[in-house]
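Please keep the sequence and the coordinates at hand while reading.

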Amino acid sequence: MNNKELNEILKLFSSKDLSIREEAINRCFKWDGEIELEDSFTLFAEAARIFPISNEDWDDPSLALTNVAGVYINEEMVPVIERHIYHYSYRGILLSMSYLLIINTDESLEAYKRIFKKLHLQLNILPVYYENKILENKESMLTALNAIIENNVIHHNWYYKYYHYLLSHCVSNDYIKSGEQFADNEFVTSELDRLIEEYMQYDEVYTREYVYEAWRNTYLHKRISLRGYLSIKASYCSDAELLSYDYIFNWKDPYIKLTYLILLWKRKLDASPQVALDIMRGNEATDYAYNIVNYYKTETLVKDLEYQKYFVIEHADFTFYHHEDGIGKFPDETEVMDSFIRKNSTYDEDFIYYIVRFRSSYPTFASNGWMRMLIGPFHPSQLPTPNRIDEYDANFTDFMPWESQPIENHIEDFKELLKESYDTEQDEEAIYGLYTPRFNRKHITTAIILFVLSILSTVFINNDWAALGLFTGPVWLLVNFIYAKILERNVFVQLREHSLEYNHFGDYTYTKLLDIESVDLEKIRPLLKDRFLFLPYKKWHFVFYNYDGNIVYQIPRNYIKEEFFFANFSESIKFYNHPPSLKWEEE
């Protein structure tokens, strides 16, 4: 970010001419993607100094600066936000409170609670209404809800509806159980009636495409609220009253129907699983329907492999919908063309993958006609199932036209892709990420010294018993070699993504690299389990400390091939805001 330009814009914000201030705000948003973390700190600070001059909704420099500052949200922003937030405009405060919930670390959530406690009676703090990302996160939602409960403002006219809104979302997403927190029964009933009335306007024209393409900024909130209020209502109403909502089964929204079905089954009321089975043959919520039936009515779960087609097609449709090069729309048509089995070396079992073709009439893709896609993997033994093996996610399309080559070639292309993506990764992990103890060559030196001393003793002492010392060196060498081989088979240290794993004779533990503050090389006594013949001599260890100053691991130096281990360790942590320090290298 250009400091000169920033100073110019800050001067423009103080102008009494609305058009000049509008220019300043527009120039602010041109920085999107060009600012760095230090720039964000500057913008958060400046946002505390500039307030709106007019009553125009858009004329809010404080909001504009906090908006741009939060283009890339980072946990290091938390203390900066907390320091300046009390001097922001009202909407700047709401947006910054949302940032704290979205960052979603212990520090940011505690900061949210502290700020809410100070400001909740001065300002109406309702950030969650404007941030979809918050609704998707359990800790953020519970923090916002608990802030209201802990400050005893459930019944405050600012927060009463907001509290129930949060409660409905938490219940709908199973963050808490209905009945765990206070709910005003009359209010819940009135809100539920209102939402049902609003829903009926959508139901007339309901399609999946409308929900996710045209209505996604409005309808999805209403769906979650309706499901939440329905769940809260079920926690106190009678069986007869709950059954009176059976008209929901005639609605088109599958998620609301399934929520109602769960509520009936929880009460052990009569409800046919056919509702869920019909949804499993649709194009929305097929996985949700399957998992509900699997949990509550396992004996009725379908075994017809025909259902697998519907699961795969929904996966394919949403893969195109969410694709980074896509258009936020669903395909016009999707077909399952074939499948193939591939053995996974990690699990030593077969996975099944599906070959799909799809087409879209949208101008960007229309000329391609049918295009190819890979969906999977699934466990063949569990079919039919919508549940993929997420660890080996292979939902992929490159939009290659289907007619460009025979299906056999598409299959070979996808097999090669899987080989490059997963087999190579596993090989690299085995070679570069896994470290086992090595035989310490110092033992050879020790053995030679013992052997030479034995010869000298035999010659100069002239005692036949001294000749027995000749065997000391070779025996020492042999015992250490055998011990080294035992260690090699039973001990390993491994770097996997952002964690450090340590296995010692079946005692497997791991820690996140983010939790390590420093690593030092120290000469200390080994732990009892690492002592050769239980000898308490000191040896070199790599000692890993956490942020409390406690030792997480002390790993003997010969257990790690340090030139490779720490090269990969440094590579893994290089983008951390507070990377662990390698103290012995610094010294």
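## Aromatic pairs

Counting rings of Phe, Tyr and Trp (for Trp, its six-membered ring) as paired if their centres lie within 6.5 Å, the count comes to 40 aromatic pairs. One of these is formed by Tyr210 and Trp215, whose centres are 5.2 Å apart with 10 degrees between the planes, an arrangement that is stacked, where stacked stands for planes under 30 degrees apart, edge-to-face for over 60 and tilted for the rest. On the scale in which buried means under 20% relative accessible area, exposed over 50% and partly exposed in between (1.4 Å probe, protein chains only), Tyr210 is partly exposed because its relative accessibility is 40%, whereas Trp215 is buried, with a relative accessible area of 14%. Ring pairs also link both residues into a cluster with Tyr199, Tyr202, Tyr206, Tyr219, Tyr245, Tyr247 and Trp251.

The charged end of Arg208 is 3.9 Å from the centre of the Phe330 ring, and Arg372 is placed over the face of Phe414 at 5.0 Å from the ring centre.

## Basis of the model

The model is predicted, and local features need pLDDT of at least 70, side-chain atom pairs count only at pLDDT 80 or more, and totals for chains, interfaces and linings use all residues. Residues are numbered from 1 along each chain as its sequence is written, and side-chain values use heavy atoms, with hydrogens and water left out.

## Two helices

Helices (H or I, at least four residues) and strands (E, at least two) are DSSP runs, numbered from the N terminus, and the expected span of a helix is 1.5 Å times one less than its number of residues. Helix α13, residues 219-234, has 16 residues and spans 22 Å between its first and last C-alpha, close to the 22 Å expected; 14 of its 16 residues are buried.

Helix α9, residues 138-150, has 13 residues and reaches 18 Å from its first C-alpha to its last, close to the expected 18 Å. At its start, a side-chain oxygen of Asn137 comes to within 3.1 Å of the backbone nitrogen of Glu139. The buried residues of α9 include Met141, Leu142, Leu145 and Ile148, and the helix is followed by Asn152, whose phi is positive, near 55 degrees.

## A buried loop residue

Ala47 lies in the loop between α3 (37-46) and α4 (61-69) and is buried, with a relative accessible area of 0%. Leaving aside residues up to four places away in sequence, Ala47 touches Ser62, Leu65, Thr66, His87 and Tyr88, contact being heavy atoms within 4.5 Å.

Two strands pair if DSSP finds at least two bridges between them, and an open sheet of 4 strands with mixed pairing has the order β10-β9-β8-β11. Its edge strands, β10 (551-556) and β11 (581-582), each pair on one side only. Strand β9 (residues 539-546) pairs with β10 in the antiparallel sense over 5 bridges, and Phe544 stands opposite Tyr553 in β10.

Lys539 is found in strand β9 and counts as buried because its relative accessibility is 19%. Residues that Lys539 touches include Glu522, Ile524 and Pro556, and the C-alpha atoms of Lys539 and Glu522, 17 residues apart along the chain, are separated by 8.1 Å.

Key: Polar contact = N/O pair within 3.5 Å; in protein donor to acceptor, adjacent residues only side chain to side chain. Lys NZ or Arg CZ within 6 Å of the ring centre and 35° of its normal.
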